[in-house]
Amino acid sequence: VPSVSTVDSVLSKACLKRLAIADAGTSQALLKSVEDLDDAHPKQAKGRRAGRSHGDILPVTHTYLQSVAQRQQMFAEYAAKTLTWRKAFSKVDESDLSEGVVSWFKDGRLNASENCIDRHLPTHAHRTALVWETDNPDHAQKITFQQLSDNVNRLANVLKAHGVKRGDRVTIYLPMMPAIVYSMLACARIGAVHSVVFAGFSDTAVRSRIEDAESKVVITADNSIRAGKIIPLKKTLDAAIKDLPQVESVLTFSRVARDVPMQSGRDVFVEDEMAAASPVCNAESMGAEDPLFLLYTSGSTGKPKGLVHTTGGYLTYTAMTLQTVFDIHKYDSDPFGCFADCGWITGHSYVVYGPLTLGVGTLLFESTPTFPTPSRYWDVVHRHEISKFYTSPTALRTLIKAGNKHVHRHKLKRLSILGSVGEPINADAWQWYKDVVGGGKAHIADTWWQTETGGIMIAPRLQTLGKAGAAMHPLPGVVPVLLDAQGAEIQGVDVSGALALKAATPGMARTVFKDHQRYVDTYFRPHKGYYITGDGARRDKDGHIWITGRVDDVINVSGHRLGTAEVENALQTHPAVAEAAVVGFPHAIKGEGIYCFVNLKDTHKSTDAEALQNELRQIVRKEIGGFASPDVIHFALTGLPKTRSGKVMRRILRKIAAGNTEDLGDTSTLSEPQVVGDLIAKRNELL
Ligand code: WT7
């Protein structure tokens, strides 16, 4: 095990060269940024974190350069040391990005629920595993590892009784309540593959995900409750699975009241069955590369893809990144405060699997940042003694708008690390986070990653100061590059390009469910040997990374990822719509808003605009969910800008929606250039 002091700049340069991370000859600043990072590590990390350096997290490598040079050994040692394996692995990294293959620890065997629960019981059975912050702030509940174990085992037995077998997909449509964690881990326990569908999705969206996953069993609740409002979850699910004989059982948890229609022979109140079931269910021995879950996410086409995450590498990577970015150690006593919903990857990785693998309690937040007042987050931090906090820029912007008086500094004394995720954080929000929430002292971690990567890829290291709005540094073992349009790596500093990854990390998705070709085509085909992220990025003069946003037709609305094509498809189902083009535009709170250009059929051009706009909003809510409701619906009465071959020019529409009309670029290829003037005039009326 090399010690930090053996790393000198000669080794650093040699590593850089061998890995072609950057051309050291032409890029002194970039080289220096990595050296600074490595040099700063032991001293400052020790000083700031009471003597705990990351030596105990990264077993072999202490520096970024070493982590990349010895990445396979590093991940292998971490996996062997941190997880409990039924059978040790002998294979490590068999990935080949040029073929779209990602594989880690292939011949190892383990069970995720055993890693999240059983192994903690001998020493920590009565430690809090889940801190459930219910919508009503007076009703918070704590669930110990022992209680988690009982519930997961009982539910696992109930799933078996309903015929769920290893490899079967179970759809989970639940709000943020302990049952969502029980359900995920009960599936993992018996080797079933969970597919959590965010409870904000509409019946149509849930149906297509249940169909794609071919689930026979769905887990839901009677209702959900947010900001004091009761939302009829079971009713929505009933609509989703109407005439869908594939669904044989609907296991219904009680959240609000049991007064919901139950279809006999199909729907059961699952708590009754759990009470009668045994609290012991043997965990299946799973291969490291067996699927743990599917999670649907949006891409540039209209059809969401079910990304498949596997067991060994995913658990390794979520635990390791939680340690590296948030300085979490096994059995830390403060619960981890991630406010994300389990319907998204952040909830999977940093509410459930990361913290529980490390035996650390985790927050389940059912409410909203402003209910009953905009002090809610800070009350939660105070009451549950949270020191590591993770939220989205959208939530921060909402709270900034509510005013500083809601931030009670005395309640935030414990906070040492403040994370941000889901979308670019603007400099103002970053500064507010640092100064007002963090009292100028807390460390801000703007974390960049994706559903596909399974865990955090780029984030500032604990020992560096960070810059307002920069994701800063690749995590250990992560090798990001910037590509030009031809797929060549852009060297040096002060440059921008398409962000790609050049090495497989253990937590990456392995395939798209039932469509491996789509996985290969989307992520690996554009440029051989790289994983293409779909984001653009800039490397500044110091070599630090800034994420500049999506370069494809994906938009990010309040941290919810949406394909513009999905919204277009929804709009097109309305009989008045001839064609629709949807783009994102800058939105003060949501980050990006949804701007819809809609061309009406001649027969509908004189329909009342407001009524039609309402109908169209309704259609999108019904097809996707409330969070996708359009911000602007712009009737483009003279048409959309198109090339002579008939392709809508979205580049121009994006500029019009954003109000950036000084420089529209080349419009000479448009078939009818005059429509642009009409669109600009109308946009200025609307916004
Ligand atoms: C997309 C992935 C990562 C979990 C939640 C979202 C954007 C995410 C950042 C960040 C700038 C970010 C990217 C990415 N994104 N984090 N820190 N700075 N952009 O997961 O739904 O798969 O969305 O979110 O555009 O590609 P997701």
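Helices and strands are here DSSP runs, a helix having at least four residues and a strand at least two, numbered from the N terminus. The model is predicted.

**Exercise 1. The shell around the ligand**

Determine which helix and strands each supply at least two residues of the shell around the ligand, and how the shell divides by class.

*Solution.*
Step 1. The ligand is surrounded by 17 residues, and the closest are Thr447, Thr451, Asp535, Arg550 and Arg561.
Step 2. At least two shell residues come from each of helix H13 (345–357), strand E18 (443–447) and strand E23 (545–550).
Step 3. Sorted by class, the shell contains 6 nonpolar, 6 polar and 5 charged residues.

**Exercise 2. Polar contacts and burial of the ligand**

State how far oxygen atoms of the ligand lie from side-chain N or O atoms of Gln450, Thr451 and Asp535.

*Solution.*
Step 1. A polar contact requires N or O atoms within 3.5 Å.
Step 2. The distance from a ligand oxygen to a side-chain N or O atom is 2.9 Å for Gln450, 2.5 Å for Thr451 and 2.4 Å for Asp535.
Step 3. Of the 550 Å² that the ligand exposes when taken alone, the protein buries 96%.

**Exercise 3. The setting of strand E12**

Explain why strand E12 (residues 291–297) is described as largely enclosed by the rest of the structure.

*Solution.*
Step 1. Buried means under 20% relative accessible area.
Step 2. Because 6 of the 7 residues of E12 are buried, the strand is largely enclosed by the rest of the structure.
Step 3. Strand E5 (residues 193–196) runs parallel to E12 and is joined to it by 2 bridges; His194 has Phe293 in E12 as its bridge partner.
Step 4. Strand E13 (residues 305–310) runs antiparallel to E12, with 6 bridges joining them; Leu307 in E13 stands opposite Leu295.

Key:
Residues numbered from 1 in each chain as written. Predicted model: local features only at pLDDT ≥ 70, side-chain atom pairs only at ≥ 80, totals over all residues. Heavy atoms only, no water. Buried < 20%, exposed > 50% of the residue type's maximum accessible area, 1.4 Å probe, protein only. Pairing = 2+ DSSP bridges. Near = heavy atom within 4 Å. Polar contact = N/O pair within 3.5 Å; in protein donor to acceptor, adjacent residues only side chain to side chain. Areas by Shrake-Rupley, 256 points an atom, 1.4 Å probe, with all protein chains shown as cover. Nonpolar A, V, L, I, M, F, W, Y, C, P; charged D, E, K, R; others polar.
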